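Subject: Structure handover

Hi,

Here is the structure I said I would pass on. Please open it next to this email and follow along.

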There are 2 protein chains.
Amino acid sequence: MKQLLKTGLMAAILSSTVASGAVLAQEAAMNEKHADAAVTYRQSIFQLIRSNMGPLGGMAKGAIPFDQAVLETNGMRLEQLANMMSDYLKVDTRKFDVDTAAKDEIWENWSEFEGKIDALKSASANLYQVAQAGDESQYRAAIGKVGAACKSCHDDFKAD
Amino acid sequence: MKQLLKTGLMAAILSSTVASGAVLAQEAAMNEKHADAAVTYRQSIFQLIRSNMGPLGGMAKGAIPFDQAVLETNGMRLEQLANMMSDYLKVDTRKFDVDTAAKDEIWENWSEFEGKIDALKSASANLYQVAQAGDESQYRAAIGKVGAACKSCHDDFKAD
């Protein structure tokens, strides 16, 4: 527990404003350690989104069979992860030499970027609703909307 | 969209059984690519748990001020992440040369490991309840229980 709290304390200092909820304005990374942690965390959330979206993309394309349970579970998780994104992405790492695919435009045009996150939140909430409703005729379109929200943001804010 | 679906398809093949919900038994990684993806995903979920636990550890220790909004938001997110863990950890990567701190004992003693995840789920669900109840006298103990669940599992299943 002592070690955990020590680690926790460092993380607290590094990310004290992550998940403050009410405040969603961007904030500058305080130092290189903070910037590195921010990069790790935001890449982690994108990886989890990718892992959930993968099977859904396969289903939408017909490459893997439709699976109601996966649709519901992954839809729920995509919504949960989309709701975490602003808190992780708001840490502005532009001043530090970090290894990142995040373009400077994220923090230069923060409100536009947040709009893209809002689009992902809406699309994933819709997907989860469609999944719960169990109407197979709608799931491809709902998955497509999530994919479109991903792509729209990557086009503008992710380096190739 | 085409590129996304292509990526999605690959991810689908790599992780088709992630988040299948009903089936929680362990499964062997199919190949090195699958094993590598599994490592990336499970490290990602641990990073997100760490980022949420950090500020709470600081609060419990008194190193940073109590913040009701952070307690609620991070409590909720810890519960959500804890509920995702089994699906990510069940991919058995023992047969592949992956860079991991996950001990073989995870898959050798899967039911014991799942018990540790269940303990984290209970502790984080309790934390979120305490956070929502807004009783400041209880939050330190509730955070401590989550920390204890983390440590108990790391002691047995995480390499130093």
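First, a term you will need: pLDDT is the predictor's confidence in each residue, from 0 to 100. You need it here because this is a predicted model.

**Confidence**

Over residues 1-23 of chain A, pLDDT stays under 50. The model has 53 contacts beyond four places in sequence for that stretch. Where pLDDT is low, the predicted coordinates should not be read in detail. Helix H1 of chain A, residues 2-14, has the lowest mean pLDDT among the elements of that chain, at 44. Strand E2 of chain A, residues 91-92, has the highest, at 98. For chain A as a whole, the mean pLDDT is 89. In that chain, 85% of the residues reach 70 or more. The model itself scores ipTM 0.86 and pTM 0.87.

**Layout of chain A**

Chain A has six helices and two strands. Read from the N terminus, the order is α-β-α-α-β-α-α-α. The chain has 160 residues, and 45% of them are buried. Now take the contacts in chain A between residues at least 6 apart in sequence. Of these, 74% join residues at least 24 apart.

**The core**

Which residues have the most contacts inside the largest nonpolar core? They are Ile45(A), Leu127(A), Ile45(B) and Leu127(B). That core has 82 residues. In soluble globular proteins, nonpolar side chains tend to be buried together.

Look at Ile45(B) in detail. Leaving out residues up to four places away in sequence, Ile45(B) touches Leu48(A) in the other chain's numbering, and Leu81(B), Met84(B), Met85(B) and Tyr88(B).

**Helix H2 of chain B**

This helix covers residues 32-61. Its 30 residues should span 44 Å at 1.5 Å a residue. The end C-alpha atoms are 42 Å apart, which agrees. H2(B) is mostly covered, with 22 of its 30 residues buried.

There is a kink in H2(B). The kink is about 30 degrees and lies at Met53(B), shortly before the proline Pro55(B). Is Pro55(B) buried or exposed? Pro55(B) counts as buried because it has 29 C-beta neighbours inside 10 Å, and the cut-off for buried is 20 or more. Ten residues along the chain from Pro55(B) is Pro65(B), and their C-alpha atoms are separated by 9.6 Å.

Asp36(B) has 18 other C-beta atoms within 10 Å, so it is partly exposed. The C-alpha atoms of Asp36(B) and Phe46(B), ten residues apart along the chain, are separated by 16 Å. Just after H2(B), Gly62(B) takes a positive phi of about 80 degrees.

**Helix H5 in both chains**

H5(A) has 24 residues. From first C-alpha to last, H5(A) reaches 34 Å, close to the 34 Å expected. Its buried residues include Phe113(A), Leu120(A), Leu127(A) and Tyr128(A). Lys116(A) and Ser124(A) are buried as well. What covers the buried residues of H5(A) includes H3, H4 and H6 of chain A. Just after H5(A) comes Gly134(A), with a positive phi of about 75 degrees.

Now turn to chain B. The 24 residues of H5(B) should span 34 Å, and the end C-alpha atoms are 34 Å apart, which agrees. Among the buried residues of H5(B) are Phe113(B), Lys116(B), Ser124(B) and Leu127(B). The cover over them includes H3, H4 and H6 of chain B. Gly134(B) follows H5(B), and its phi is positive, near 75 degrees.

**One last residue**

Find Leu89(A) in helix H3 of chain A. Leu89(A) is buried, with 25 other C-beta atoms within 10 Å. Leu89(A) touches Arg42(A) and Ile106(A), not counting residues up to four places away in sequence. How far apart in space are Leu89(A) and Gly134(A)? They are 33 Å apart, C-alpha to C-alpha, and 45 residues apart in sequence.

Best wishes

Terms used: Residues are numbered from 1 along each chain as its sequence is written. Chains are lettered from A and ligands numbered from 1 in the order in which they are written. Helices (H or I, at least four residues) and strands (E, at least two) are DSSP runs, numbered from the N terminus. The expected span of a helix is 1.5 Å times one less than its number of residues. The bend at a residue is the angle between axes fitted to the seven residues ending there and the seven starting there. A residue is buried if 20 or more other C-beta atoms lie within 10 Å of its own, exposed if 12 or fewer, and partly exposed in between; C-beta atoms are placed from the backbone. Two residues are in contact if their C-beta atoms, placed from the backbone, lie within 7 Å. A nonpolar core is a set of buried Ala, Val, Leu, Ile, Met, Phe, Trp, Tyr and Cys residues joined through C-beta atoms within 7 Å.
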